Amino acid sequence: MEVISAHNLTKKFGNFTAVNAITFEVQAGEIFGFLGANGAGKTTAMKMLNGLLLPTSGEGRVAGYDVFKESEKIKKSIGYMSQRFSLYEDLTVRENIHFFGGIYGLKRQQVKEKTNLLIKDLELENVENQLVKSLPLGWKQRLAFSIALLHDPRIVFLDEPTGGVDPITRRQFWELIYKAAAAGVTVFVTTHYMDEAEYCNRVSIMVDGKIEALDTPSRLKEKFGVGSMDEVFLKLARG
Amino acid sequence: MQIAIKISNISKSFGKVKALDDVSLEVQPGELFGLIGPDGAGKTTLFRIVATLLLPDTGNAQVLGFDVVKDYAQIRKRIGYMPGRFSLYQDLSVQENLEFFAAIFGTTIEQNYHLVKDIYDQLKPFKNRRAGALSGGMKQKLALSCALIHQPEFLLLDEPTTGVDAVSRKEFWEMLARIKSLGISILVSTPYMDEASRCDRIALIQHGKILSVDTPSGLVKSFEKPLLAVRSADMYKLLHDLREFDKTDTAFPFGEYLHLTTKGRVGEEEVAVFLTKKGHENVEVKPVVATVEDCFMALMQN
């Protein structure tokens with residue numbers, strides 16, 4: 001079953017075509033890597049799928065809703081973790097979870113249960129009443145990810161979730177991604193770490209507003225006759 | 001020749017946070033030296049001390065033979081510093097920024113153009129654009145040009161490639177190799193472990209402490225544990241199953257494989273048999289040479 005579909009989806013800013021007729025589908029439960037060089041149009045494409053930016057032309061559906069007409073419904077059905085840390089630094093771990101639970105419209109009892117479960121899952125019992133700003137970056141990022149899943153969205157969008165974290169924490173983060181996907185959540189993720197591209201079920205690579213390649217990592221490597229995703233990326237992005 | 005940087009037992013705290021904890025390092029003249037570690041490791045604090053912008057609590061440091069506290073003015077003339085955050089004048093054009101940095105160091109663009117030519121040529125089509133309106137990659141090239149235009153003896157680059165895509169990162173390291181060939185010593189920090197191999201020597205840093213200083217190949221050779229690369233059709237299950245294997249020391253995802261360190265030497269066959277019993281298909285197990293990232297993770301856990 002498709003949870004994201006785009007057909008010739010396009011976004012123009014004046015004379016500049018940021019996203020040029022991209023067509024692709026993402027299946028439920030898939031980990032989909034959305035790669036591209038800086039300025040290739042990834043963020044613009046992602047914003048259209050998130051309901052944050054109205055496309056210029058084409059068609060797109062996310063979680064069953066139309067990206068032109070039903071952007072508010074899309075926002076309620078997805079989770080989003082931005083590359084800038086977006087929890088409230090001056091609230092505690094518990095307060096942040098409560099706050100976002102409220103924003104997503106969860107019932108009081110639900111928020112309570114989910115908060116306890118989340119704190120236990122992330123092993124944050126000892127710091128639940130500490131301000132978020134006092135936590136190590138890796139913990140913050142895991143917390144931000146879990147909060148993005150608080151309202152049980154069908155899809156979660158992750159924009160460079162692992163930038164700058166240490167190699168062990170980066171891997172722990174990917175275990176959370178695997179776990180979410182195994183539970184049926186579709187994961188749409190961007191990254192500059194090419195080893196992380198290998199963890200995705202399928203990967204698309206954008207170049208100058210177009211999707212130039214889309215396949216499983218192993219088939220992409222085979223197609224380009226190279227041994228790593230890094231080399232696939234270099235071949236495509238350097239033209 | 002004068003040692004480029006000599007850092008001796010430097011510590012620096014911010015309130016309760018110990019950003020640097022008894023750090024000692026030496027960078028040789030002409031060396032491309034990498035400081036590698038995650039956010040919050042203390043990289044920027046160390047850079048700011050070396051750039052004479054921050055005083056250490058204890059310890060001392062010399063840059064090109066000058067003391068970072070007493071002789072700061074001498075050091076500032078001789079180094080080029082590119083901070084992690086873009087810090088050029090957003091409202092000046094590309095050319096105005098470069099002219100400004102040349103002027104405050106008492107030189108002109110013409111005089112030192114050979115240093116920045118390769119980089120600046122790529123910026124020329126945009127020379128009248130405001131710096132604030134440049135793309136990330138272009139900003140980075142302009143910042144590097146501005147740090148180079150006074151012909152520094154030593155270049156300090158704090159995370160120049162963070163958030164930059166794989167292609168632009170590769171191009172940036174090619175630029176650094178050219179700068180090094182002009183005889184300029186470079187200290188560069190990065191959170192990307194795969195960039196370590198581009199350096200002559202590297203220091204791994206975590207929680208304010210230096211974990212290791214070595215050449216990239218020396219570091220990799222010092223990895224002592226047996227290391228296997230493992231994969232199967234179901235990588236998530238593989239990770240869980242390998243963690244239950246009684247001979248497993250650590251198991252981490254590593255691109256298309258998992259990297260497995262074991263307690264004592266374990267044959268590939270033995271791992272494969274265990275996994276096949278667990279119901280894995282298409283099992284592949286092979287010995288593999290450690291990467292800088294394997295070393296970093298092993299040192300983190302010590």
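These legends go with a few close-up views of a predicted model.

**View 1. An open sheet in chain A.** Here you're looking at four strands of chain A, lined up as β2-β1-β4-β5 with antiparallel pairing. The edges belong to β2 (16–27) and β5 (65–66) of chain A; each has just a single partner strand, so one side of each goes without a neighbour in the sheet. As a bit of background, strands of a sheet pair through backbone hydrogen bonds, either parallel or antiparallel.

**View 2. Strands β1 and β2 of chain A, side by side.** Zoom in on β1(A), which covers residues 2–13, and you'll find eight bridges linking it to β2(A) in the antiparallel sense. For a landmark, look for Ala6(A): across from it, in β2(A), stands Phe24(A). Helix α1(A), residues 42–49, packs on the sheet and touches β1, β2 and β4 (57–62) of chain A. The direction of α1(A) makes about 60° with that of β2(A).

**View 3. Where chain A meets chain B.** On this side, 26 residues of chain A are in contact with 27 residues of chain B. Three helices of chain A, α6 (167–182), α7 (194–197) and α9 (229–237), each bring at least two residues to the side touching chain B. The top contributor is α6(A), with six residues. Sorted by class, chain A's side has 15 nonpolar, five polar and six charged residues.

**View 4. A look at chain B.** Chain B has ten helices and 14 strands, and its C-alpha trace spans about 70 × 45 × 35 Å along its principal axes. Of the 302 residues in chain B, 44% are buried. Take the contacts in chain B between residues at least 6 apart in sequence: 70% of them join residues at least 24 apart.

Terms used. Residues are numbered from 1 along each chain as its sequence is written. Chains are lettered from A and ligands numbered from 1 in the order in which they are written. This is a predicted model: local features need pLDDT of at least 70, side-chain atom pairs count only at pLDDT 80 or more; totals for chains, interfaces and linings use all residues. Two strands pair if DSSP finds at least two bridges between them. Two residues are in contact if their C-beta atoms, placed from the backbone, lie within 7 Å. Axes are lines fitted to C-alpha atoms, for helices over the stretch in contact, and angles run from 0 to 180 degrees between N-to-C directions. A residue is buried if 20 or more other C-beta atoms lie within 10 Å of its own, exposed if 12 or fewer, and partly exposed in between; C-beta atoms are placed from the backbone. Ala, Val, Leu, Ile, Met, Phe, Trp, Tyr, Cys and Pro count as nonpolar, Asp, Glu, Lys and Arg as charged, and the others, Gly among them, as polar.
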